[in-house]
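Open the model in your viewer and keep the selection tool at hand. The tour goes stop by stop.

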Amino acid sequence: MRNKIIFGAVLLAAVFAVAIIFYRRDKKVGDMETSKIKVVTTLFPLYDIARNIGGEKAEVALLLPPGMEAHSFEPRPSDIIRINEADVFVYTGKFMEPWAEDIINGAVNKNLVTVDVSRGVKMIAGVFHDSDELVGSLDSHIWLDFDNARKMAENIKEVFIAKDTENTLFYERAAADYEGRLSEFDLKYFEAFSNCENKEIIYGGHYAFGYMANRYGLKYSAAQGISPDSEPTASDLISLIDQIKKNNVKYIFYEELSSPKIAEMIAGETNTKMLLLNAAHNLTKDQFEKNVSFFDILENNLENLKVGLGCW
Ligand SMILES: [Zn+2]
């Protein structure tokens, strides 16, 4: 509660700061305009979709600093200014970015167009653990179902076209390309999981792969609830360990950008091996510099899943 009050105060201060900056820049804005549309995105999958559809016509930025765990992110005043200076702001939805609505409502830039990419996506309930603060909200990890990712791409494309109608054909083609690649991965995943020794993913991290498991008929259990902040209880861990032993599970998976200590503990107790399963919320600094794509992550995940589930 206290955090919310502080956050609210920071937000209000930032809105005033933005208002002053815009007031002062009023006459300069026209001079500064480039022909590219300026896009700010919150999470890495949104960034990857937007930069691929926008191509040379858009200047796309990722709000999350590289390496930062996404659920604990709260925008700084400078981030609020960046959003206000953009033409398009792309976010995942109110369950992933509960702070977005306040920024949108307080936006001083009246030309700012916002895209909630979850529009039209059928959301599923998350699995909550006792320590979760977010009980009652829906699972925000929509991008890990590739059919949803296609809808997200459509939502982004539509806004780019609305902002820059002249280049409609360009955006249409780029979106069709990107969605085509998503469809290829979708098929690859369906094929890969049709012949596996087991279909149970045990995750030593937070509940991020519910959508993926649903789509491909896999079973999924996570040590934590839908946020990495949630602490697994002793009974959560004991039942997970029992499940591993009972079902003779040989590999467990760990998440990106958070300490793998829970996964390590489970692996130590059960004599299982660990494999990375990356939910792609964000990139590390190194990955960002190497220009790693969403598809690179999906490819690595599939390799590890095939090993971990014994697929042939
Ligand atoms: Zn997450």
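**Stop 1: K273**

Select K273, which sits in strand β8, residues 273–276. Keep in mind that this model is predicted. Is K273 buried or exposed? Count the other C-beta atoms within 10 Å of its own: there are 10. A residue counts as exposed at 12 or fewer, so K273 is exposed.

Now show what K273 touches. Leaving out residues up to four places away in sequence, its contacts are K250, Y251 and A267. Take K250 from that list. In sequence, K273 and K250 are 23 residues apart. In space, their C-alpha atoms are 6.4 Å apart.

**Stop 2: the whole chain**

Zoom out and colour by secondary structure. The chain has 12 helices and 8 strands. It is 312 residues long, and 39% of them count as buried. Next, look at contacts with a separation of 6 or more: 67% of them join residues 24 or more positions apart.

**Stop 3: the open sheet**

Show strands β1 to β4. They form an open sheet of 4 strands, in the order β2-β1-β3-β4, and the pairing is parallel. Which strands stand at the edges? They are β2 (58–62) and β4 (113–116). Each has a single partner strand, so one side of each has no neighbour in the sheet. On average, neighbouring strands here are turned by 20° against each other, direction ignored.

Pick β1 (residues 37–41) and β3 (residues 88–91). These two run parallel and are joined by 3 bridges. For a closer look, select V40: its bridge partner in β3 is F89.

**Stop 4: the nonpolar core**

In soluble globular proteins, nonpolar side chains tend to be buried together. Here the largest nonpolar core has 76 residues. Select those with the most contacts inside it: V39, A50, I53, V90, I156, Y203 and F209. Which helix gives the largest share of this core? Helix α6 (residues 146–163) does, with 7 residues.

Colour domain 1 (2–186) and domain 2 (190–309) separately. Both give residues to the core, so the core lies between them.

**Stop 5: Y203**

Finish on Y203, one of the core residues with the most contacts. Leaving out residues up to four places away in sequence, Y203 touches F209, Y220, S221, A222, A223, F253 and L277.

Technical notes: Residues numbered from 1 in each chain as written. Predicted model: local features only at pLDDT ≥ 70, side-chain atom pairs only at ≥ 80, totals over all residues. Buried ≥ 20, exposed ≤ 12 C-beta atoms within 10 Å, placed from the backbone. Contact = placed C-beta atoms within 7 Å. Core = buried A, V, L, I, M, F, W, Y, C linked by C-beta atoms within 7 Å. Domains from an automatic or database assignment. Pairing = 2+ DSSP bridges. Axes fitted to C-alpha atoms, helices over the stretch in contact; angles between N-to-C directions.
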